[in-house]
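Work through the exercises below with the sequence and the 3D view open. Try each task before reading its solution.

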Amino acid sequence: MRKKDTFLIVILIGILLICTGIFAKVIFEKKDSAESNEDTITNFTWYINYEWYKDVWGDSVVAEAITDKTHVKIDFRTPVGNSANTLDTLIASDDLPDLITLGYWDPQLKTLIENDMVYPLNELADKYCPEFNEVSDPYSVKWYTSSDGNIYCYPNSSCSYKDYLDNTNSLASNQAFIVRKDIYEAIGSPDMTSPEGFMQAIRDAAAMYPEVDGEPLIPFEANFYDEFGDITFDYILQNFLAVPYEKNNEFYNRNLDPEFLSWLKTFRQLNEEGYISPEIFMDERTQITEKILKGRYFCMFYQWTDMEDQQKEIYEKNPERVYMAVDGPRNSNGDDPVLPISAVQGWTVTLISKKCKDPEKAIEFMTFLMSEEGQKLTYLGVEGKTYDMVDGRPVIKEEVKELLERDRNEYNSKYGADNTYWMLQDNIMQLKWQQDLIPPVQQMKEYTYDYAAYTGQYSIAIPEDTVLGNRYQKHRKLWAETLKKLVLSESDEDFDTLVEYYKEESEAIGMDQVYDEITKQMNESKEKMGIED
């Protein structure tokens, strides 16, 4: 071989080695970069549209485990003052957080979607995370798919009609008629299903227990009152009276049902006798919670899930004062209550805003929380730390269970399981790991099993920025004002006059057309949900 040829070969080999080195460097740099990105923690801001939500991500067992799995940490934000005003301000200023959770009924949901302020979850899934389509519930997706074919939000606590049929004996309603056990038993465990029995029990309780630790007993408690009324005195009472939602496939105005109005007169009579405290029209959730803890209420219509933490604390400190579910008001036929469970709409919905700093990681984060692994983690925690597997079933560790029953806030901070982070909880999936609650909470839950019913087809939505929506909102406020006046009216004659006034004003508002729209939506929902008459 000639020297010139040898020299060229050496040059070519050198160039090849240099190129190989550069190529290897690029490859390894890319690999290092990818590994670095995987290890980088992303801090998302997550707005929860409830001022009472106080939990933080912190260093709880569950929060740390989720961060290890997803490389995400959360900075929770909640409203300051009025939740609607806070969210409206965020929208108006275009200063949205990465993730948003709000009620499916909140008008801001429509605003966020129509103003192109949130990502279509299906498009993010197709681009970055196809697993989303595998873990999402098809009925929830179908329900929340918009007319443009996109799904912009995903619900928690969603239960389809099929879920209801498949789990009839294990789904609970959160509505119950609740009494303070010791007082109820002291007055002879009376039958409170009739107006006469109900009133006498109230009178007897107030006579035997005029005070609780130096403060007046409140014989009857209701939910907090707002501009749209108090769900105790209409919606929940109507459910216990089995007032129908429809008749002959048409909307039925439950507010004018004779059985319901007759029971409202019972409460009017109790108020006249001084047994309805003015506080029930003024207290907000914080004050109600405090009074439950003090045992100041004799009886109430309430969501047992909303007082679960207080019930645990009472059971720990004053077990004789726990509350229990009993038979409450019934209609004159003695029909069973019709108590609603979660529906396909769920409770809240979560969205990813277009201000999100990393939409790819956000959809992956949501997908993990929705998955079986994520659900098991948010409900049970971490095996070996919060629970053990015994004979193939998860069993919560005693020290973890003890803290859960004693101090929910400390439990959330230390362990963070038991759906501390409930924003994407799947109640149906979690049934397979369900743990028994403390006895007085389990009693309230199990009481509702026989009366749990699917009523999601009656949840309607009429946009406020429409003619019908405006009428509907006016009607809701009219009814709220009327309802309070009915309970506080001085005589049955005044009560009847107010009912007639409500009828006339409803007609003047133009509610007949609204009722037609409700009927239309109700029947469309039944068809969409697969509910046959």
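**Exercise 1. Which residues does Leu 488 touch, not counting residues up to four places away in sequence?**

Ground rules first: this is a predicted model, where local features need pLDDT of at least 70, side-chain atom pairs count only at pLDDT 80 or more, and totals for chains, interfaces and linings use all residues. Residues are numbered from 1 along each chain as its sequence is written, and side-chain values use heavy atoms, with hydrogens and water left out.

Step 1. Locate Leu 488 in helix 21 (residues 467-488). Helices (H or I, at least four residues) and strands (E, at least two) are DSSP runs, numbered from the N terminus.

Step 2. Look for contacts, meaning heavy atoms within 4.5 Å. Leu 488 touches Asn 271 and Phe 281.

Step 3. Check accessibility. Buried means under 20% relative accessible area, exposed over 50%, and partly exposed in between (1.4 Å probe, protein chains only). Leu 488 has 36% relative accessibility, so it counts as partly exposed.

**Exercise 2. Describe how helix 12 packs against helix 21.**

Step 1. Take the geometry. The axes are 7 Å apart, and the packing angle is about 55°. Axes are lines fitted to C-alpha atoms, for helices over the stretch in contact; angles run from 0 to 180 degrees between N-to-C directions.

Step 2. Classify the angle. Under 35 degrees counts as roughly parallel, over 145 as roughly antiparallel, 65 to 115 as roughly perpendicular and the rest as oblique. Helix 12 is therefore oblique to helix 21.

Step 3. List the residues. Helix 12 supplies Phe 260, Leu 264, Phe 267, Arg 268 and Asn 271. Helix 21 supplies Trp 479, Leu 483, Leu 486, Val 487 and Leu 488.

Step 4. Sort them by class. This contact of helix 12 with helix 21 has eight nonpolar, one polar and one charged residues. Ala, Val, Leu, Ile, Met, Phe, Trp, Tyr, Cys and Pro count as nonpolar, Asp, Glu, Lys and Arg as charged, and the others, Gly among them, as polar.

**Exercise 3. How many aromatic pairs does a search of the whole structure find?**

Step 1. Apply the cut-offs. Rings of Phe, Tyr and Trp (its six-membered ring) pair if their centres lie within 6.5 Å; planes under 30 degrees apart count as stacked, over 60 as edge-to-face and the rest as tilted. The search finds 37 pairs.

Step 2. Examine Phe 198 and Trp 263. They are 5.5 Å centre to centre, with 85° between the planes, an edge-to-face pair. Phe 198 lies in helix 10 (residues 195-208) and Trp 263 in helix 12, 65 residues apart. Both are buried.

Step 3. Examine Phe 233 and Phe 281. This pair is stacked, at 6.3 Å centre to centre and 20° between the planes. Phe 233 is in helix 11, while Phe 281 is in the loop between helix 12 and helix 13 (285-294). Both Phe 233 and Phe 281 are buried.

**Exercise 4. Is Met 511 buried or exposed?**

Step 1. Read the accessibility. Met 511 has a relative accessible area of 1%, so it is buried.

Step 2. List its contacts beyond four places in sequence: Arg 471, Tyr 472, His 475 and Ser 506.

**Exercise 5. Where is Asn 248 found?**

Step 1. Asn 248 sits in the loop between strand 9 (246-247) and strand 10 (250-251).

Step 2. Check the backbone. Phi of Asn 248 is near 55°, a positive value in a residue other than glycine.

Step 3. Check accessibility. With a relative accessible area of 76%, Asn 248 is exposed.
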